[in-house]
Amino acid sequence: MTTPPSSPRGVDDDAGMEHLVAAVLHIGAERVLARRRTAQRVLDLLTAQVRERDTLRWDKATPYLLRHAAEHAVDAGSLHTLLDDWEFLVHADPRGILTAADGAHHGTPLTVYRTSLPRHIAAPAPERRHILAVDAVRHQQPAISHRLYNPPFKNSSPWRCIWSTAANISPALRASLTGHRTPVRHLAVGTVDDEPVAITAGPDETARLFHATAGTLHHAWTGHRGGVTALAFHDKHEHADVVTADASGRLRRWDARTGRLTAAIDAHDGPVTGLLTLRLRDQLCALSTGHDGTLRVTDFDQRQTRLLLTTGRSPLPGLLAVTGPSDAPIGLAATGYHPGEPGHVVAINLLDGRVRYQLSFPTTLTGLDCFDPDGLPTAVATTADGTGQLWHASNGEELYDLNRTGRPGDMNVLHLTSTDEPGGTRHVAVTGGGDGVVRIWDLDTARQLHRLEGHHTAILALNTVHNPHFRLGDTSSELGENALDQQALRLLTRAAADHYGPQRRDALAGLIVLSASADETIRSWHAQDGKEIRTYTGHTGPVRCVAALEPAADSDRLWAVSCSDDATGRTWDLTDSTGHTTGAAHPGRIDALATATVQGQSLTVTTCSDSRLRVLDTRTGSLLSARIAGDNPAQAVTLGATREGPVCATASPDKGIVVRLVTTGTVLWQRQTDAPVVALQAGGSMRRPVLLTLDDNGRTHMWELATGRPRTGPLCQQAGVNSIATGSIRNTPVAVTGHSTGEILLWNLASGTLRRTLCQPGRAHSVRELSFATGPSGPRVASQHMHLNHHSIRVTDADTGRLCSVISVSPAAAMEFALGRVQDAAVVATGGPDNSVRLWDADTGDRHAVLWLPDTVHALDFDDHLLTVAYGRELAAFAPAVLSDATDTADTSRSLSRQASRRNPNKSLLQATILRLLLEWEGHNLAPLASLLCRHVPTKAVKVAIRILLRDGLILPTSKDALGYALEPKGRALARPVPPSKSRALTRASDGGTPALKLRGWHGQPCGLCSHRKIRTSPGGR
């Protein structure tokens, strides 16, 4: 029988289906476009009322438009256009912008806007404008700053920021979680309906649930008594619940979807110290400890609580862990609350409350957690003496110790994680110490794998996240064969000494460690090799918690959330590798500041908690040097001139008075004093320079600035002095002393004799601070007087004693002040915790301007018509608008020509990078220098570069603190950085288009492994 030919119906059906799908997609696209056109018409109608010619007057917009314009722009598909309008960002409601722009949007406007987002939430438009302008300068966007300082239809700002350091900003910041009034101490993350959420809580008696990547607030839960003391998130099965505990001992269960309170149970008599959620018999329960010394399990469905353990009235520290099978869970709780007392771990059956065993420890516990290797529950505990212990959680049988030779404080924080490897699961412990060191431990062998150094102060929190997109052995031809060979050689060398070999290290590939510290930073590290990935800056208080969100299957992004004592939470994009120029990086708050023009050089010197003395060019912000000044931070600093050159004098508790040359750091003289020195002022003439000091007892002393020889005279015998200042009247050096009685005396500095009484005792309140400046109308002395809540600044003519003006200021706005000459007027500047700098005419007392900054103002000083401000961990310079453009253009051209002439284009980029690193971290040896570079730079290449720099006389070995390297004068000249705004032009001129150097990890073309850059070797550097 003949088979009939097949019908072509199947082909026709397939073609018809394709046409049908295409038609449906076309209809869907048309509907989307129609909705966008409609949304755009609505937005146009709303903005028509504020449109003048081609400009939108957002300052005249209605509250509705300022709140919802961004949402309408999202519907219209024109959000990017709206966000490019800086006047909109100045005036719009930040909550509307946050709702519309989620974490996926990270263009330049949002990057600048997010930098100080907590300040924008409550700030009025004028304040927000100034903060955005400063943040634009920090992000190397001078054109944006110029636009903000020159708004349309309004007067331009009379003062402008011309440069600022940027050590406390991070391009990886995606959202700020705001609304708390007090430090945020508790954090939990998870997902609700497949959306990432973060829950924050603290002493302000509220808990808040945010969309983690967008930063929008979903729920705010109030009603807690005495502050929230513990927090937990539970999202098993179809439920998503948040459990909070407060200082009254009450536990509350909240529905994370609806925000509704579903249960409130009084579990403890007093504050809850620890909280952990679990399911018992398929019901949500909470295991909690309290200040009342009890351990309880609370069933929210049955609305009852059950006592498991009591220690009398001794508080429990809040360390909890749960392990074992679901039908027979075991709870572990630590006892021993007060430092120095012995610690214990009690294991209890959670179903029947039976105590299984109790372990004793010599000191209090700092960490407690469990893991299940091969189905055998194992517990880990760390103690205050810096050691740890592992044991079988089911029976208490001890296994082995961690860090037997540890020091107290080495293991204050504990975090456990696991990784999958071909032979099974590998378990790892990460610990953090009070010394800022993070350690990674292999729990299968109790051996330390890596020691991670970088934080300056104590580690407060740890977490880990697995990067699912990391591919072991992923290489790039751009890395270079030599670097790959060096990497393989290092692994083979380790394998020869470690019989576990590189296979165990490869099991950690893709594991990222997150550490949060009291130094206000978060750092990420590769667990495989212990190298730092990135530092995340932006918090302005100790970072208490850090947590990583589980990576989404449909996204290549990794997210982390942190919370801090600055009352905010922050969301970070861990995959962001954008670099930025930081300038002089201060790891802590700037404690002291001094500026002066010495022998033709405009210099600024700062001190902070890392005991380094940083010297900058006042006109450009370029870092000239950063040297260790002692074991303790300097309390006072001043600049002066001697025949040997510009000098810097510092006072610290361990070193006393130290005077060193600014250019080389050479110490000219050093003196220990009977009482700590709290203030320093340099003055006198070039022939006889003098250093005037004030000690903690209120006594003044005079020293020869060049030699340190003590001076004599009535000025050296003054007592009850609160403040000092120096200056000159018609080229005659003078000094001013302010007393607790309100008396102000003017002295001849050369002879130390009294010249005039500027303010009689009792005429004014106690003198807190003095400042001296010579203006166009003569020498002026500004004195700050303080009595209870009344603050005032009196400006006096130093030549005649005439009172020129009295300026009344609020305490929050005048904790710091300075007097200086700017153009043709004497100007008083005040600043304080309200983040503002107010400028006044010294002769009339009229206010000139108000400048707002992103952080608290800690110090002010005038020099060369510029106002230098220390705010938080940053430093900025401000100039009058009429001078800023001309000054910037002239100084930049001179600086570029000077630096281009002295740079050697034949030096390799690695050698130039090492010189730049030594400029800030003088005294470092090979290992720390290598750790500051990209982790794929071979150590051998660093050694070769150091040998070449030694050979060429650019650096020299030093035994200061530890064997390391210091810059020679020739090397320091080569290392001085180019002004950030002009670095690209300079590099094109100097070496034919090579990308500009950056301080850490950026030195050539992109590296495919970590998005850093590899070395580009030049012939002159070999």
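**A loop residue, then the rest**

Author: D282 is exposed, because its relative accessible area is 57% (exposed means over 50%, buried under 20%, partly exposed in between, with a 1.4 Å probe and protein chains only). This is a predicted model, in which local features need pLDDT of at least 70 and side-chain atom pairs count only at pLDDT 80 or more, while totals for chains, interfaces and linings use all residues. Residues are numbered from 1 along each chain as its sequence is written, and side-chain values use heavy atoms, with hydrogens and water left out.

Reader: OK. Where is D282?

Author: D282 sits in the loop between strand 13 (272-280) and strand 14 (283-290). Strands (E, at least two residues) and helices (H or I, at least four) are DSSP runs, numbered from the N terminus. D282 is not a glycine, yet has a positive phi of about 60°.

Reader: And what about the phi of Q823?

Author: Q823 has a positive phi of about 55° and is not a glycine either. Its loop runs between strand 55 (816-822) and strand 56 (825-831). Q823 counts as partly exposed because its relative accessibility is 31%.

Reader: Zooming out, how many helices and strands does the protein chain have?

Author: There are 17 helices and 63 strands. Of the 1022 residues in the protein chain, 56% are buried.

Reader: Let's pick a strand. How many residues of strand 30 are buried?

Author: Seven of the seven residues in strand 30 (residues 511-517) are buried. L511, V513, S515 and S517 point one way, while I512, L514 and A516 point the other way.

Reader: Which strands is strand 30 joined to by bridges?

Author: Strand 29 (residues 459-466) is joined to strand 30 by seven bridges, and the two run antiparallel. Strand 31 (residues 521-526) is joined to strand 30 by five bridges, also antiparallel. Two strands count as paired if DSSP finds at least two bridges between them.

Reader: Which residues are bridge partners there?

Author: H466 has L511 in strand 30 as its bridge partner. On the strand 31 side, A516 stands opposite I522.

Reader: What do strand 30 and strand 31 form?

Author: They form a hairpin, with three residues between the strands. E520 is in the turn and has a positive phi of about 75°.

Reader: New topic. What is the order of the strands in the open sheet of four?

Author: The order is 5-6-7-8, with antiparallel pairing. Strand 5 (186-192) and strand 8 (217-221) are the edge strands, each pairing on one side only. Neighbouring strands in this sheet are turned by 20° against each other on average, direction ignored (axes are lines fitted to C-alpha atoms, for helices over the stretch in contact, and angles run from 0 to 180 degrees between N-to-C directions).

Reader: How many bridges pair strand 7 with strand 8?

Author: Four bridges pair strand 7 (residues 207-211) with strand 8. R208 has A220 in strand 8 as its bridge partner.

Reader: Now A333. Buried or exposed?

Author: A333 counts as buried because its relative accessibility is 1%. A333 belongs to strand 18 (residues 330-335).

Reader: What does A333 touch?

Author: Leaving out residues up to four places away in sequence, A333 touches L295, L319, L320, H344, V345, V346 and L368. A contact means heavy atoms within 4.5 Å. Between A333 and L316 there are 8.4 Å, C-alpha to C-alpha, and they are 17 residues apart in sequence.

Reader: And the helices? How do helix 6 and helix 8 pack?

Author: Helix 6 (residues 108-115) packs with helix 8 at an angle of about 115°, and their axes are 9 Å apart. In this contact V112, Y113 and T115 of helix 6 meet L132, D135, A136 and R138 of helix 8. Those residues divide into four nonpolar, one polar and two charged (Ala, Val, Leu, Ile, Met, Phe, Trp, Tyr, Cys and Pro count as nonpolar, Asp, Glu, Lys and Arg as charged, and the others, Gly among them, as polar).
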